[in-house]
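Student: Can you walk me through this one? I have the sequence and the model open.

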Amino acid sequence: MIGINRLNDSAYNDLVTSERTLAWLQDREGASVWDNWHVGYRDVFILDSQNRLRAVFNLTEHDLSEAGNRAELKQLFLRTAKAVDSDGDGLPDDWELLYLGNLSPKPNEDADGDGIDNFTEFAFGTNPTDPNSYTFFKPSMVSRGQQSFLSTTFHRRAGAVLDYFIETSPDLGSWSRGTTEIVESLPKIRFDGTGTSEVTSSLKHANDIQPNGFLRVRAVPR
Ligand SMILES: [Ca+2]
Ligand SMILES: [Ca+2]
Ligand SMILES: [Ca+2]
């Protein structure tokens, strides 16, 4: 979600952003976002994942101190954000159309031949048509107190389409899920158009699989 302040109203930026985390931009002459988008005062524009306008909700006409108005706005967001997968292959229509142009590619195919199948490119927010764009995992040791803990940083799809599980192994042979406790950082939204957040998962107990242990991430459709 992003807020764009009206031209000549910059005096209010501090008031709006004070003591909150908010993606907030000031419109300016060269950009003229309000004019180009035909925005009215206190309009909420709701766009889908391909930036198509789905609804306009005005906060003067719909006072959010009334529960009914809050519920209506929430429903507009949920309806727009809902992933539609008409061919039921696990890849949402929007994603298939955006990157692959039609709904026929399959999740286990590798459109760009980079060794990463289409489902994995979707799950971890990479481009299935760019062989230089593939899954990003950054292993590291995270310090808590006097100890350090094996961890991995990766990009996961925001929203509720997939579940992500961290699995551990002492030897890269047998893998288990849930026997080792994992601490997950708060997701950081990336605002790069991929619909993913960055998250770091680390072992809760330093000696769970160390010194010779491994982590992996499994993405599973809900
Ligand atoms: Ca599909
Ligand atoms: Ca690929
Ligand atoms: Ca790729």
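Student: Anything to know before we start?

Tutor: This is a predicted model, where local features need pLDDT of at least 70, side-chain atom pairs count only at pLDDT 80 or more, and totals for chains, interfaces and linings use all residues. Residues are numbered from 1 along each chain as its sequence is written, chains are lettered from A and ligands numbered from 1 in the order in which they are written, and side-chain values use heavy atoms, with hydrogens and water left out.

Student: Ok. Which residues coordinate the calcium ion (ligand 1)?

Tutor: Asp 85 (OD), Asp 87 (OD), Asp 89 (OD), Leu 91 (O) and Glu 96 (OE), at 2.1 to 2.4 Å. Donors are N, O and S atoms within 2.8 Å of the metal (3.2 Å for Na, K and Ca); water is not among the atoms, so sites may look incomplete.

Student: Where are Asp 85 and Glu 96?

Tutor: Asp 85 is in the loop between helix 3 (67-81) and helix 4 (93-100), and Glu 96 is in helix 4, 11 residues apart. Helices (H or I, at least four residues) and strands (E, at least two) are DSSP runs, numbered from the N terminus.

Student: Is Glu 96 buried or exposed?

Tutor: Glu 96 is buried, at 0% relative accessible area, while Asp 85 is partly exposed at 27%. Buried means under 20% relative accessible area, exposed over 50%, and partly exposed in between (1.4 Å probe, protein chains only).

Student: New topic. What is the strand order in the open sheet of 3 strands?

Tutor: The order is 8-7-12, with antiparallel pairing. Strand 8 (176-177) and strand 12 (214-221) are at the edges with a single partner strand each, so one side of each has no neighbour in the sheet. Two strands pair if DSSP finds at least two bridges between them.

Student: How many bridges join strand 7 to strand 12?

Tutor: There are 8 bridges between strand 7 (residues 162-169) and strand 12.

Student: And the rings? How many aromatic pairs are there?

Tutor: The structure has 8. One of them is Phe 124 with Phe 154, edge-to-face, at 6.2 Å centre to centre and 70° between the planes. Rings of Phe, Tyr and Trp (its six-membered ring) pair if their centres lie within 6.5 Å; planes under 30 degrees apart count as stacked, over 60 as edge-to-face and the rest as tilted.

Student: Is Phe 154 buried or exposed?

Tutor: Phe 154 is buried, with 0% relative accessible area.
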